[in-house]
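My notes are below the display.

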Amino acid sequence: MNVAEAIRGRLVVSCQAQDPRSPFLDTAHMMAMASAAVLGGAAGLRGQGVAHVRGMVALGVPVVGLVKRKVPGSPVYITPGRADVVALTGAGAQIVAADATGRPRAGGESLADLIAATHAGGALFMADVDSVDAALAAVDAGADLVGTTLAGYTGATVPDGPDVDLVAALSRRCPVPVIAEGRYRTPAQVAAAFDEGAWAVVVGTAISDPVDTTRRFVSACPHAPVESR
């Protein structure tokens with residue numbers, strides 16, 4: 001089955017360790033989280049880092065792979081370079097996700113360079129965008145899918161909820177599948193994204209980050225630590 005078709009109308013779970021102290025940085029622990037997501041019905045996984053991607057591929061569902069790496073002189077940290085793409089496709093990622101917001105990459109590499117490397121590795125390219133203009137530019141460069149992953153993250157403040165309006169706009173204007181991602185926390189929000197034309201929806205923190213989930217509940221306690229309020 002085509003990889004994109006395998007996730008159509010389905011949920012993709014992003015399994016990433018956001019807190020640098022998280023036990024899920026350990027690959028074996030992360031694979032337990034990913035396995036639980038698949039057991040719960042996830043049609044695909046989104047993973048960060050070559051080792052985690054390689055482990056997720058073994059679970060038998062489509063894997064969206066990325067590398068988060070800060071590069072001096074550039075704000076791009078989601079799969080910033082061609083070498084990252086090559087490593088991810090080598091690990092078996094069927095889809096490679098990368099920042100496609102139009103912000104400059106270090107070393108002069110272009111988005112088209114990363115897309116070409118992705119296709120050379122036999123994978124599809126998912127453009128993580130923040131706007132309609134960025135999405136259309138990514139499609140022109142050869143992107144196979146566009147995701148709202150970075151909507152709200154390139155401005156001064158981060159909104160609380162998902163950008164469903166962007167999903168709707170991209171679904172009307174982009175000729176490739178639109179993946180809804182970014183701050184989806186409830187089944188109602190997921191349903192809203194599908195109603196607006198999303199091909200698939202990615203949920204991460206709300207499912208796979210018990211550190212964040214615990215903090216949210218702790219913040220409601222009368223004697224919560226100051227950092228949790």
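**Ground rules**

I am working with a predicted model, in which local features need pLDDT of at least 70, side-chain atom pairs count only at pLDDT 80 or more, and totals for chains, interfaces and linings use all residues. Residues are numbered from 1 along each chain as its sequence is written, and side-chain values use heavy atoms, with hydrogens and water left out.

**Cores**

I began with the nonpolar cores (sets of buried Ala, Val, Leu, Ile, Met, Phe, Trp, Tyr and Cys residues joined through side-chain atoms within 4.5 Å). For burial I used relative accessible area: buried is under 20%, exposed is over 50%, and partly exposed is in between, with a 1.4 Å probe and protein chains only. Which members of the largest core touch the most other members? They are Val-146 and Leu-170, in a core of 53 residues.

I then listed the contacts of Leu-170 (heavy atoms within 4.5 Å). With residues up to four places away in sequence set aside, Leu-170 touches Val-129, Ser-131, Val-132, Ala-135, Val-146, Thr-148 and Val-178. I also found a second, separate core of 16 residues, with Ile-7, Val-12, Ile-95 and Met-126 among them. In soluble globular proteins, nonpolar side chains tend to be buried together.

**Cavities**

On a 1 Å grid over the protein atoms alone, a cavity is a set of points where a 1.4 Å probe fits but cannot get out; a pocket is an open set with protein on both sides within 12 Å along at least five of seven lines; lining residues have an atom within 4 Å of a point. Grid points are joined across faces, edges and corners, and a volume is the space filled by probe spheres set on the points.

How many cavities of 30 Å³ or more does the structure hold? I count 2. I sorted linings by type: Ala, Val, Leu, Ile, Met, Phe, Trp, Tyr, Cys and Pro as nonpolar, Asp, Glu, Lys and Arg as charged, and the others, Gly among them, as polar.

Ile-7, Val-12, Gly-44, Leu-45, Pro-62, Val-63, Val-64 and Ile-95 line the second largest cavity. Two or more of its lining residues come from each of β2 (44-48) and β3 (63-66). Helices (H or I, at least four residues) and strands (E, at least two) are DSSP runs, numbered from the N terminus.

I moved on to the largest pocket, with a volume of about 660 Å³. It is lined by 26 residues, and those closest to its centre are Gln-18, Tyr-153, Gly-182, Arg-183 and Thr-205. At least two lining residues come from each of β8 (200-203), α9 (205-208) and α10 (210-218). Which element gives the most? It is α9, with 3 residues. The pocket lining holds 9 nonpolar, 8 polar and 9 charged residues.

**Positive phi**

I checked Arg-183 again for its backbone. Its phi is near 70°, a positive value in a residue other than glycine. Arg-183 sits in the loop between β7 (178-181) and α8 (187-195). It counts as buried, at 10% relative accessibility.

Thr-79 is not a glycine either, and has a positive phi of about 50°. I found Thr-79 in the loop between β3 and α4 (82-90). Is Thr-79 buried or exposed? Thr-79 is buried, because its relative accessible area is 0%.

**Asp-99 and Thr-101**

Asp-99 is in strand β4 and counts as buried at 1%. Thr-101 is in the loop between β4 (95-99) and α5 (111-120), and is buried at 13%.

I looked for polar contacts here (pairs of N or O atoms within 3.5 Å; within protein, one must be able to donate a hydrogen and the other to accept it, and residues adjacent in sequence count only if both atoms are side-chain atoms). The Thr-101 side chain makes one with the side chain of Asp-99 at 2.7 Å, and another with the side chain of Arg-103 at 2.9 Å.
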